[in-house]
Amino acid sequence: MRPVLSLFVFIDACGWQIIKDDPFVRRVAPHRRQLRSVFGYSSACIPSILSGRYPSEHRNWSYFVYDPAHSPFQSLRWMRWLPSALTSRRRVRNVLSAWAKRRLGFKGYFDLYNMPFRDIAHYDFTEKKSPLRPGGMNRGTNIFDFLTERRIPYHVSEPARGEAGNLTALIDDLKTETLDFAFLYWPQLDGLMHRVGNDAPEVPAMLRDYERRIDQLMAVAQAHYEDVRLYIFSDHGMANCDEHIDLRARIDALGLRLHVDYAVVYDSTMARFWFHHEAARQKITTCLERIPQGEILSDAELTDLGTYFPDRYFGELIYLLREGTLIVPSHMGARPIRAMHGYHPDEPHSFAALMSNQPHVPAGITAIPDMYKLMTHEAEAAHTANCAGRHATVLAS
Ligand SMILES: [Zn+2]
């Protein structure tokens, strides 16, 4: 037996509203609280958790940015000749995305989403490295750099292995009794809720399935570690989308020329604009101000959210919809999806959750970037205890 294991189970989109009235993991992790999320998608939230910093500091925020000078996508421009009846299909996009990811050498998550191949060479993709690896941040370090530097033995999931594969890999590693820290990554609840919504019967069914897997994990962990300090947590919640807005049609109607007068990325809950001249800025700003479903975020608000970039790298103007509204079509999808996240962190369904078997989680752990403090603290504590345990064994023998 090894003395201590710090075990962190990350469940994407397992928000506070999802588990608030559900007995999810109450038996193994009865101490629960809500956490404030970070403005942005998982591309912003997960790096914030792993680094303890906000996007304005680590510069992992939204995936696509207008940056023709640095676009890696010149080599994909031939794809614009593929018939759109083919390229608009999700399965075809998945195959093309996997091919492009390999060809471009991207190591993180990559999806072409609904980016038009005609324009793709105007854009750069901002997650070329995997935040789940040492050296994976756009700026600064993450938990895996921390662990590597201190020689703390750890396990982390590899998304390509899938949820069941990652569970098996972790269980195999636990049995070697060599770990101080483990980070398990489960993204499927997020995908499910995007499809079926946050209140469909499939959601509690998946929670029950997760509970069974966590029980299995804990049984192995407790057979090999005297003290298993378990933390189950998420990055954001999920809101049902009942209202769709065709923002692109409104902007197109202004008669401005894309990439001559302005550039834009239509994410699913926000739109980010870049302007080539002042008249374009004025026209688009006036148009957006007349749309009641959202608002232009001020620099003060963006600063407050930790997503203000003085170089405007991710957009000169950020327009955000209110919860429950979806941009359709967008660069993320041609068709509506049932539910989405990426609204203001103070919207009711944005909040993330933390559940633990530890009764004394410090009061200062209130937002998802605080998870970094908790993870590093727990990893060091486990490492110290396990080193002391090893010394004691050596002395006794
Ligand atoms: Zn998602």
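Leaving aside its neighbours within four places in sequence, D173 is in contact with H155 and L179, two residues being in contact if their C-beta atoms, placed from the backbone, lie within 7 Å. The structure is a predicted model, in which local features need pLDDT of at least 70 and side-chain atom pairs count only at pLDDT 80 or more, while totals for chains, interfaces and linings use all residues. Residues are numbered from 1 along each chain as its sequence is written. D173 is found in helix α7 (residues 162-174), where helices (H or I, at least four residues) and strands (E, at least two) are DSSP runs numbered from the N terminus. D173 is partly exposed, with 16 other C-beta atoms within 10 Å; a residue is buried if 20 or more other C-beta atoms lie within 10 Å of its own, exposed if 12 or fewer, and partly exposed in between.

The axes of helix α8 (residues 188-196) and helix α9 (residues 202-224) come within 10 Å and cross at roughly 170 degrees. That angle makes α8 roughly antiparallel to α9, the term applying to angles over 145 degrees. To this contact α8 contributes L189, L192, M193 and V196, and α9 contributes E202, V203 and M206. By class, the contact of α8 with α9 has six nonpolar, no polar and one charged residues, where Ala, Val, Leu, Ile, Met, Phe, Trp, Tyr, Cys and Pro count as nonpolar, Asp, Glu, Lys and Arg as charged, and the others, Gly among them, as polar.

Within α8, the residues L189, D190, L192 and M193 are buried. They cover an arc of only 165 degrees around the axis, which puts them on the same side of α8. These buried residues pack against β1 (2-11), β6 (181-186), α9 and β15 (339-340), whereas the face of α8 turned away from its buried side carries the exposed residues G191 and R195. Just after α8, G197 takes a positive phi of about 95 degrees.

The domain assignment of the chain, with bounds from an automatic or database assignment, gives domain 1 (2-56 + 130-238 + 347-396) and domain 2 (60-129 + 240-340). In contact across the two domains are 28 residues of domain 1 and 21 residues of domain 2. On the side of domain 1 that touches domain 2, α2 (42-51), α3 (55-58) and α8 each supply at least two residues, and the largest share, four residues, comes from α8. The residues of that side divide into 14 nonpolar, eleven polar and three charged.

Notes:
Axes are lines fitted to C-alpha atoms, for helices over the stretch in contact, and angles run from 0 to 180 degrees between N-to-C directions. Angles under 35 degrees count as roughly parallel, over 145 as roughly antiparallel, 65 to 115 as roughly perpendicular and the rest as oblique. The arc is that of the directions from the helix axis to the C-beta atoms.
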